[in-house]
Amino acid sequence: MPAVVIIGAQWGDEGKGKATDLLAERIDYVVKFNGGNNAGHTVVIGDEKYALHLLPSGILTPGVIPVISNGVVIDLEVLFYEIAALNARGIDTSKLRVSANAHVITAYHRTLDKVTERFLGKRQIGTTGRGIGPTYADKINRVGIRIQDIFDENILRQKVEGALYQKNTLLTKVYNRKAIAADEIVADLLSYADRLRPMVADTALELHQALEANQTVLFEGGQATMLDVDHGTYPFVTSSNATAGGASTGSGIGPREFKTVIGIVKAYTTRVGAGPFPTELFDQSGEYLRATGFEFGTTTGRPRRCGWYDAPIARYSARINGLTDFVLTKLDVLTGLKEIPVCVAYEVDGKRVEEVPVSQSDFHHAKPIYENFAGWTEDISTARTFDELPKTCQDYVLALERLSGCRISAIGVGPARDAIIVRHDLLGA
Ligand code: GDP
Ligand code: IMO
Ligand code: MG
């Protein structure tokens, strides 16, 4: 069971952090391979609640070696802030490894994220404002700053000056903002060098060696399939590959190693930020899901948009990621509903469409076609086996499994670490 991937199957916040935490006891390495501090993972352990953004959730488990690999964009201030916050709570972070090839988010990326959003006006994406998009844009444009550059002041200065030459023209002439001084950026980045040096590694090599030695490596995706820059609802996406393929390019581990790919899917759907969302609810039911599921962003605190389960999206995720298993989360949130609608297909311009349409305009117009399932009233949060669930609740899960293109191997029935029903061992394949 060497390389295991966990990804979000919807628009994020499915409970990936909790799923990682669940498996962490049995793994050797946990790797964050994409995104940055736009992610927000809440993990509840006993009475303690942890909100992680940049650090992988596996860091909470003693013995696990946490890795931030090359596909991640790193805000160093956030990195050291999170490390200090965890250390203050008695969590050991000394084993953290950071890829020399990961890109760095600087002050100018954060500024550009905010001003470009403002200039988009009604076409805003609703980014987290953390500088994620501009940092990945620089990476692709080959003007990015990498972790390794911080250890060579000359190179760092050249690169920062090069990047700012164009950006300052843009900031001052187009966006009416002040120019950013290269010296300040360089001094800021250099101030982290000594603390960073011991963590920096050839993480691709280390992970490869771990896999050769038959150790278990868990790749923890940030964001989700529908936010993936290639496969999501472009342009209303993040700027990285949040799908399973991103685990390979984002870490330097070849695709043959990945045998288990776990998709985390909520028993309903949420989305933060703008973009199409066919099953979105604008009525009391949506309010109910938001209040009962406590659907407010871990990173920005924004209320999450809420809607019913969308089976074509689950099927799409099963395909795009090559899922072997789903973990269905937050089933307990649906307790008390009389009827639970599930989107089984869409209507687009009067025609029934079974799968997520490839055309963005079609997806924008897609109306959900619902099938209704009977609800349940019993508290399910203490159930630990499938048989303990009320019959209608079992039927709901079995219907989702039938409609979603992959088996549901575990079911979340509460935020706590042990509030889970395991039907098939996720690491048993
Ligand atoms: P992530 O970004 O995918 O890691 O998910 P978030 O942490 O942003 O959001 C998921 C939220 O749901 C967190 O507050 C979790 O504590 C909580 N959660 C996870 N699984 C369950 C579950 O099965 N039931 C309930 N009620 N809450 C859950
Ligand atoms: P986790 O890992 C939910 C959304 C933002 C915005 C879009 C682009 O907790 O599931 P960005 O700042 O990445 O350029 O914003 O993506 N977004 C998320 N939504 N969960 C996340 O992470 C998200 N990370 C980014 O709201 O719509
Ligand atoms: Mg989240």
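Q: What volume does the second largest pocket have?
A: The second largest pocket has a volume of about 650 Å³. A pocket is, on a 1 Å grid over the protein atoms alone, an open set of points with protein on both sides within 12 Å along at least five of seven lines; its points are joined across faces, edges and corners, and its volume is the space filled by probe spheres set on them. Counted this way, the value is about 650 Å³.

Q: Which residues lining the second largest pocket are closest to its centre?
A: The lining, meaning residues with an atom within 4 Å of a grid point, comprises 26 residues. This is a predicted model, in which local features need pLDDT of at least 70, side-chain atom pairs count only at pLDDT 80 or more, and totals for chains, interfaces and linings use all residues; side-chain values use heavy atoms, without hydrogens and water. Residues are numbered from 1 along each chain as its sequence is written, while chains are lettered from A and ligands numbered from 1 in the order in which they are written. Closest to the centre are Thr 42, Gly 293, Arg 304, Lys 330 and Pro 415.

Q: Which element gives the most residues to the lining of the second largest pocket?
A: Elements are DSSP runs numbered from the N terminus: helices (H or I, at least four residues) and strands (E, at least two). With 4 residues, the largest contribution to this lining is that of β3.

Q: How much of the accessible area of ligand 2 does the protein cover?
A: Ligand 2 is surrounded by 20 residues, including Lys 16 and Asn 38. One oxygen atom of ligand 2 is 2.6 Å from an N or O atom in the side chain of Thr 128, and a backbone N or O atom of Gln 223 lies 2.8 Å from an oxygen atom of ligand 2. On its own, ligand 2 has 550 Å² of accessible area, and the protein covers 97%.

Q: Which residues line the largest cavity?
A: A cavity is a set of grid points where a 1.4 Å probe fits but cannot get out, and a search of the whole structure finds 1 cavity of 30 Å³ or more. The lining of the largest cavity divides into 3 nonpolar, 4 polar (Gly among them) and 2 charged (Asp, Glu, Lys or Arg) residues. These residues are Lys 32, His 41, His 53, Leu 54, Leu 55, Pro 56, Glu 220, Gly 221 and Gly 222.

Note on methods. A residue is near a molecule or strand if one of its heavy atoms lies within 4 Å of it. A polar contact is a pair of N or O atoms within 3.5 Å; within protein, one must be able to donate a hydrogen and the other to accept it, and residues adjacent in sequence count only if both atoms are side-chain atoms. Accessible areas come from the Shrake-Rupley method with a 1.4 Å probe; for residues, only the protein chains shown count as cover.
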